[in-house]
Amino acid sequence: MTNIIEVRGVRNQFGPQVVHDDLDLDVRRGEILSVVGGSGTGKSVLLRTIVGLNRPVAGSVSVFGEDLLDLPAARRAALERRFGVLFQKGALFSSLTVAENVALPLIEHAGLKAAEAGRLAALKIALAGLPANAGEKYPADLSGGMIKRAALARALALDPDILFLDEPTAGLDPIGAAAFDELILTLRDALGLTVFMVTHDLDTIYTITDRVAVLAQKRVLVNDRLDVVADFDDAWIREYFHGPRGRAAAQAVPPAQRAPHNLSHGEQA
Amino acid sequence: MTEAAFIDIDGGQVRLRGDWTIANYTVLASEVARLRALVADTADVAEIDLAALGALDTAGVSLLHQLLGKDRLAMLASDASPLPSERRALLRAVADVIDASTASTAPARGYAFGDIMEHAGIGMLAFYRHVIDIAGFIGITLETGFHVLLRPRRWRITSLAANLERTGLDAVPIVALLTFLIGAVVAFLGATVLAGFGASIFTVDLVAFSFLREFGPMLTAIIVAGRTASAFTAQIGSMRANEEIDAIRVGGLNPVELLVVPRVAALLLALPMLSFIAMISGIVGGMLVCALTLEISPTMFLSVLESHVGLRHFIVGMAKAPIFAFLIAVIGCLEGFRVEGSAQSVGEHTTSSVVQSIFIVIVVDAVAALFCMEMGW
């Protein structure tokens, strides 16, 4: 199994406060990886470091086998175009309609004409599970769940290889959250995506995650399949996976479904 | 055999090759458009060969859909097709949603005259509702204000003092500096024009009349409208965006009493004081220019001021200040309450409150000037 993202020895520091110290993390091609950890352990900082919004003080981040921190800006921008990022609150451009939001990267990066971009944008909007008339709406007119789906459509605009999700189900009702989980799984299987997800949602972790990385003590404590992580000997992990909510989420998923998902995806460019 | 990079048509056989991805979209789209009619004749799906196809993404599948049509794409995606499973999954995922996405028709195109009329109508209606809103809000503010006025226990002295400092004391430097400069400019203007008539002594009258009656209160009101109306809107608007206003209501308190009355009261006190400072500072600016360029000494300036300029001009000027203050504060607060939950809305309403309050200050000042002229004040 090849690693699509390799984080090695990363140190992140804001003033005197050290968030990450000598942090290592692997993300494998085609998997759904969930990053969990208590508040303030730097889950979002880690995501921002990998996508290039935050430069670490030390260490290296390599994606697709190339060290992102050493690359010239143009090459790096080309690589980052293969990322799709879903921000926690959607971060849709509020002055553009949903369709224009999705079409923007297609016009700017893929050099498509407005009509072609509009047709592809409508396809992505439908792929994200939104009704066809959602494209004409402005982000302010959408509900929380629709904003997440619209933001997902924009993240998928350029057919990325890696999808980064920052708390994708936070603020959604359980039905909406379950539908969103299902959508992520379907898209991963259909588009051959690699998914890097920061989440607190135990149901998401139990239903769609292949591997879990636990952030604690300024590094990745353990990064493995869910059953291995859940049995890891650490007070916080025990509390997290075997507390009342963790037990409930574990029982809600039939064991057959918890088996690792089929990862035999072809290499897709 | 046709010459094309991505599509081979050989007799009845259609062979696709190369990377059908977003990177090649423009070239692919033109080939698809050119060869679509030819491919449509090739009825049998068995004669479509995807073995040489390189990478494929959703953009590529959408083009395949255009090239082959819905039925043949569905056949390629079906279990009977020789394609590998992950490619079938991709075809299926796109084929399932592509009809829904293309079904949405373009929005109806308007026609220019109708659009203009519609826009004008919407604008008129919004203006009408807005005037009603302002009148209603003035009523609510006055009612709550008098209600509180009669009950000294409910006066919010801390809030009043804090607002007085922010809107009054903190504005003194900018008001004093700007009116000083305008006073100097008016005196220069007077010196240039009136010297031609040998009447440069009347520069004193020009500066004094203009600042006591008009410029003092109006310039101050405009500066305060830009400074304080926007601040009121942003403060109340961000509270509203954060649901704090709802929390106040649910807590059994009156947001108008808590937020609006202290602000209106503070500005009612602050603006007359600032206007007075503006008058003094403008006249000092004029006096300085007179002393430097017209050889009218400050002593002479003051004695002319005393003999020519009656007290009523000062009173007319000062009487306008509380009216301006009330309108500015009410518009600033009302726009804050009209914010609808997003940061963008806070920005829009802040802009709107500044524009409206400057507009209303100038309109009211013009009306007051006409009124005073007719009354002979």
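1. **The inside of chain A.** In this predicted model, buried residues make up 52% of the 269 residues in chain A. The chain has 11 helices and 10 strands, and its C-alpha atoms fill a box of roughly 55 × 45 × 40 Å along the principal axes.

2. **How chain A is packed.** A compact globule of 269 residues would have a radius of gyration near 18 Å, and chain A agrees because its own value is 18 Å. Look at the contacts too: of those in chain A with a separation of 6 or more, 66% are between residues 24 or more positions apart.

3. **A salt bridge between two strands of chain A.** Over all chains, the structure holds 17 salt bridges. One of them pairs Arg11(A) with Asp21(A), whose closest N and O atoms are 2.9 Å apart. Arg11(A) sits in strand 1 (residues 3–14) and Asp21(A) in strand 2 (residues 17–28), so the pair ties together parts that are 10 residues apart in sequence. Arg11(A) counts as partly exposed because its relative accessibility is 25%; at 34%, Asp21(A) is partly exposed as well.

4. Now find Asp133(B) and Arg338(B), whose side chains meet in a salt bridge of 2.9 Å, N to O. This pair links distant parts of the chain, 205 residues apart: Asp133(B) is in helix 4 (residues 112–149), while Arg338(B) is in the loop between helix 11 (311–337) and helix 12. Are these two buried, exposed or partly exposed? Asp133(B) is partly exposed, with a relative accessible area of 36%, and Arg338(B) is partly exposed at 27%.

5. **A buried salt bridge in chain B.** Asp365(B) and Lys320(B) also meet through their side chains, again at 2.9 Å from N to O. Asp365(B) has a relative accessible area of 5%, so it is buried. Lys320(B), at 7%, is buried too. Back in chain A, salt bridges that share partners join Arg188(A), Asp189(A) and Asp210(A) into one network.

6. While you are looking at helix 12 of chain B (residues 343–375), pick out Ser345(B). The residue counts as buried because its relative accessibility is 6%, which is under the 20% cut-off. Leaving aside neighbours within four places in sequence, Ser345(B) is in contact with Val339(B) and Glu340(B).

7. **Where the chains meet.** The contact takes 22 residues from chain B and 24 residues from chain A. Together the chains bury about 2,000 Å², 62% of it on carbon and sulfur atoms. Which three residues of chain B supply more of its buried area than any other three? They are Ile22(B), Thr58(B) and Glu86(B), with 27% of the area that chain B buries against chain A.

8. **What holds the eye at the interface.** Between chain B and chain A there are zero salt bridges, but three residue pairs are in polar contact. On chain B, helix 1 (25–41), strand 5 (53–56), helix 2 (58–77) and helix 3 (85–103) each supply at least two residues of the side that touches chain A. The largest share, nine residues, comes from helix 3. By kind, the residues on this side of chain B divide into 13 nonpolar, seven polar and two charged.

Definitions and conventions: Residues are numbered from 1 along each chain as its sequence is written. Chains are lettered from A and ligands numbered from 1 in the order in which they are written. This is a predicted model: local features need pLDDT of at least 70, side-chain atom pairs count only at pLDDT 80 or more; totals for chains, interfaces and linings use all residues. Side-chain values use heavy atoms; hydrogens and water are left out. Contact means heavy atoms within 4.5 Å. Buried area is the accessible area (1.4 Å probe) that two parts lose on being put together, summed over both. A salt bridge is a side-chain nitrogen of Lys or Arg within 4 Å of a carboxyl oxygen of Asp or Glu. A polar contact is a pair of N or O atoms within 3.5 Å; within protein, one must be able to donate a hydrogen and the other to accept it, and residues adjacent in sequence count only if both atoms are side-chain atoms. Helices (H or I, at least four residues) and strands (E, at least two) are DSSP runs, numbered from the N terminus. Ala, Val, Leu, Ile, Met, Phe, Trp, Tyr, Cys and Pro count as nonpolar, Asp, Glu, Lys and Arg as charged, and the others, Gly among them, as polar. Buried means under 20% relative accessible area, exposed over 50%, partly exposed in between (1.4 Å probe, protein chains only). The radius of gyration is taken over C-alpha atoms; the globule rule is 2.2 Å times the number of residues to the power 0.38.
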